[in-house]
Amino acid sequence: MHAQAVPDVPSEAVPPMLSVRDLRTYYRANRLGIKREVKAVDGISLTVRRGEIYGLAGESGSGKSTLLNCVAGAIRPPMEIVGGDIDFAFLSGYGGLHRAPPAEVARVRWRHLSYIMQGSMNVLNPLRRLRSVFVDFAYPHVGGTRQQFERQLHAHLARLNLDRSVLSAYPHELSGGMRQRATVALATVCRPDLIIADEPTTALDVLVQKEVLGMIRGIQREMGSSVLLVTHDMGVHAHVSDRLGIMYAGHLVEEAGTAEIFRNPLHPYTKHLISSLPRIGDDAPRCGLGGAPPNLADPPLGCRFHPRCPLAMKVCSGEAPAMLETAPGHRVACFAYNQSGGA
Amino acid sequence: MAGAIRDLFRDHAEFRIGAVLVAFVLLLSALASFSPYPPESVYVVPPDVPPSLAYWFGTTSRGQDVFWELSVALRNTLLFGAVVAMISRVIALVIGLLSGYKGGWVDRALMSVNDTFIVIPLLPLLVLFYFVMRDRMSWLALALIMACFGWAYDARLIRSVAMSLKAREFTQTSLFSGMSTREILVQEHLPHVMPVVFSTAMNNMVWSIGLEVTLAVLGFTDVNRPTIGGMIYWANQHAAMVAGVWWWIAFPIAAVTMMFIGLFLLAVTANAYIDPRSRFRTIGGAF
Amino acid sequence: MLRIASYEAADCGDPGSFLRHGGALMSGYFAFLLRRLGQFGLVLFIGINVAYVITHASPIDPVEQSISAVTSFGNTAPDAVEQMRSALRELYGLGATPLDQYRLFWSRILRADFGPSLSAFPTPVSTLIGRALPWTAGLLAVSTIIAWGLGNLLGGLAGYYQKSRTLRLMGVVAIGLHPIPYYILALLLLIVFGYLWPVLPIAGGSAMNLPQSLTMEFVASVLQHAILPALSLILIGVGSWFIGMRSLVSNIVTEDYVVYAELAGVRPWRILSSYVMRNAMAPQLTGLAMSLGGIFNGAVITEKVFGYPGLGSLLVDAVYAGDYGLVLGVTTISIVAVSAGVLAIDLLYPLLDPRVKVN
């Protein structure tokens, strides 16, 4: 765990790399006259500091990918941002990429904000050599002559321990792990300030996974970039994330330094996530969580976790708990802790 | 099925247009049973009368009432298309399901034959067929030979559905419960491909009728049996356009064009309904 | 019909061996080549066998049938009739065993020797076909390339800019034109440009009075005469490629690699050209190969409507004249020509999709 390796930058001294305030993103469908509204992200606030890897965890359907898409400005109907602001250190005052003028968005993309997507097979154009993809993505931001760019590219690949012959390859000629490493190279070639990584290692086998994570971490440390890393895999978070936010059903339920979360998880859902991680020598039977994640078209009133929660109290079904700090840097949304003087 | 049609009708303007066009053509062809004249006889009404209240679509130079003639021709033409579609559906189903389910060399062999039938230019072969048969050429023989060529595009489509069905769990369950290939295909897979069969049937009718019209116009079918192509053939024989008897050609062309566009729209929207990611091209088109 | 299979790449942990061996690449290409050649052979084999079955399984004696058709036109000298009869009997292999008939049939096709034409006696059928073939090939090649290019371009734009009203209207027109049979559309053009607004030549391949030589005048006349037949082929072709490309593109724009390029801020025209249209080209090329037979059918009938001196007109006139050798010759040559065209298009496929080389 690397959480302590990060200098604890006072959060107000410099503006954070990314700050999300009260973001609400709904999927609105109007099918056959019946309006459906799925509240995929419902009032999330978080900040990503400079030079840190901020991890977002939660099961599929918890809204973490939706949140990423909002940050990346990839908003297509029926997805709709109905409220909240997203500000970047390199682009503020608009409240998000989706509201910024196209010229600003074009300036920011890849130069300041890049993206590592899940499933590297399909994110690279199957009919384009990697060199062309690097040129398409990065050359407009880097400028100079093509020879200069090529040299820069070689240097960048060398830094990442990649052979320059990948540039002449088509995606199908590379193994899955090699493709994902090439994608990491692609996402970091412009030395962006913020890298969004969506399940970057999910489809890979364990050895390659470790290598790719190490690569992301190494280049991030070297460039001082921030990373917003989304994965359901708590093991990955334990390995690379500096701070961790836990999402459940469109809400952020807990946030703290990674070490703190693993040492002292507060929210019952977080406890469940951590306890379901396998540990060597631990033979205790895993107890599954009863029930299923709620239907976000019609979420339960109050705390969304209460129907599955072993600690559920009367108040939990009545009102939603707020995110409150229990210790410096450790926030949790649960009535079992310090809510309105409780706990 | 009824629910699907209702959804399509409400959500797709193309489906509404297609349905109205096809319904109109069907209505017109249904009237054929009430024709006051025997369909194959000539000189039953005064020739070359322009459209009027007495003769809605005018009369031909052969003394036929264009309205009633058209009605019978539409019925015969639709029947032809339906027969070709039905026979070729059977072939397409057998080949497609077998190929998709069996996979391996069976699939490769069947698909090679399939691609061959897609590629071979059919019109010259049909012309050769007519050349050999001449007066013994019957519409059923033509329908049969066209059905033997008209299955290939759709067999590929059915194959791809069958391949995805094969990967589904229930196929494995059926296999382990001891069902034979034939039983699995007929009882488990057939119901799932029926929607594709219906949508391709309409495209196939567009194709076969288009080809039949073409052959008939050239006189390479039994032109004494009233069909749309046959009407145009006789109109050409009597130089109807030059003689100013435009209604003899205009009404059959209008009717058959309505039929084509209507069937095509139904097929396209039905296809989009079955599989939103489907590609229209995979089900062929005119010719 | 799409040949894009998913290529599951084995994940080899060793970073040094990420490129597949060069040898495998080469043999992948040869395997592809062999498959296409095999398919070409199969098309010829099945097509020509169908022609054999049609001609030899019929209950009618094609020789007497043809003779009576030819002589019904009036005074043919009895000598010539006998000559024709013997030529026909030889062509058909009458009196030989079925096996010999079959062998004879193939040997004639392989030598492209269909005997003398009855309707243009004694000109050999192969000469007539050789004269007509360039007209059809030219008309077909030019109109198909224009239709395919234009249809793909417009359809691609329509799939990418789905909100454009102009492109939507084009879609409506394309859907309306696509299912109309070639004959009907050709006839409509003939009526419009022949009777209502006679500005274009509606018959022939060039002006009658011009010698067939490479003069400006002749070339201009050929082009002018080709406008209407080509237009009717193009109008229908554009419609079908438009519809196909539009639906392909509207699927491709949701692919991860397009979304990724958009998130990377790759310029829109670059995304449209290199990520969207480019990736739709390969399936559309396969589509072209697969519909070549149908397009050829269309050309046959279009030529007849406009009296264009190609294979189509030759075939139809041969039927009217009862010329068995010519009908058989045109039919078999058509099958050979179309499958050769399909093979040629198929061989272009690896240029558009490098994945073919990996099997």
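Predicted model: local features only at pLDDT ≥ 70, side-chain atom pairs only at ≥ 80, totals over all residues.
**Entry 1**

I then turned to Tyr161(C), which counts as partly exposed with a relative accessibility of 40%. The two tyrosines form an aromatic pair, and I noted the geometry as edge-to-face, with 5.1 Å from centre to centre and 85° between the planes.

**Entry 1: aromatic pairs over the whole structure**

Phe57(B) itself is buried, and I recorded its relative accessible area as 17%.

**Entry 2: arginines over rings**

Which ring does Arg62(B) lie over? I found Arg62(B) over the face of Trp234(B), with a distance of 3.8 Å from the ring centre. In chain A I noted a further case, in which Arg146(A) lies over the face of Tyr139(A) at 5.7 Å from the ring centre.

**Entry 3: chain B as a whole**

I went through the secondary structure of chain B and recorded twelve helices and zero strands, so that the pattern from the N terminus on reads α-α-α-α-α-α-α-α-α-α-α-α under the run-based assignment. The C-alpha trace of this chain spans about 70 × 50 × 30 Å along its principal axes. Chain B has 287 residues, of which 60% count as buried, and it exposes about 11500 Å², with carbon and sulfur atoms supplying 67% of that area.

For the contacts in chain B with a separation of 6 or more, I noted that 71% are accounted for by residues 24 or more positions apart. I also looked at the charged side chains of chain B, where there are 19 positive and 17 negative ones, and the centres of the two sets lie 7 Å apart.

**Entry 4: chain C as a whole**

Chain C likewise gave me twelve helices and zero strands, and its elements, read along the sequence, follow α-α-α-α-α-α-α-α-α-α-α-α. I recorded 359 residues for this chain, with buried residues making up 54% of them. Chain C exposes about 15300 Å², and carbon and sulfur atoms supply 68% of this. Among its contacts between residues at least 6 apart in sequence, I noted that 74% join residues at least 24 apart.

**Entry 5: Val319(C)**

Is Val319(C) buried or exposed? I found Val319(C) in helix H11 (residues 311–321) of chain C, where it counts as buried at a relative accessibility of 1%. Leaving out residues up to four places away in sequence, I listed what Val319(C) touches: Val127(B), Tyr130(B), Phe131(B), Arg134(B) and Phe220(B) in chain B, and Val327(C) in chain C. I also checked Ser119(C), which is 200 residues from Val319(C) along the chain, and the C-alpha atoms of the two are separated by 9.8 Å.

**Entry 6: positive phi values at two alanines**

I looked up Ala249(A), a residue other than glycine, and noted that its phi is positive, near 50°. Ala249(A) is placed in the loop between strand S8 (243–248) and strand S9 (251–257) of chain A, and it is buried, with a relative accessible area of 5%.

In chain C I noted Ala112(C), whose phi is also positive and near 50°. Where is Ala112(C) found? I located Ala112(C) in the loop between helix H4 (98–110) and helix H5 (125–160) of chain C, and I recorded this alanine as partly exposed, at 30% relative accessibility.

Notes. Residues numbered from 1 in each chain as written. Chains lettered and ligands numbered in written order. Heavy atoms only, no water. Buried < 20%, exposed > 50% of the residue type's maximum accessible area, 1.4 Å probe, protein only. Phe/Tyr/Trp six-rings, centres within 6.5 Å; stacked < 30°, edge-to-face > 60°. Lys NZ or Arg CZ within 6 Å of the ring centre and 35° of its normal. Helix = DSSP H or I, 4+ residues; strand = E, 2+ residues; numbered from the N terminus. Contact = heavy atoms within 4.5 Å. Areas by Shrake-Rupley, 256 points an atom, 1.4 Å probe, with all protein chains shown as cover. Lys, Arg positive; Asp, Glu negative; His and termini not counted. Charge placed at Lys NZ, Arg CZ, Asp CG, Glu CD.
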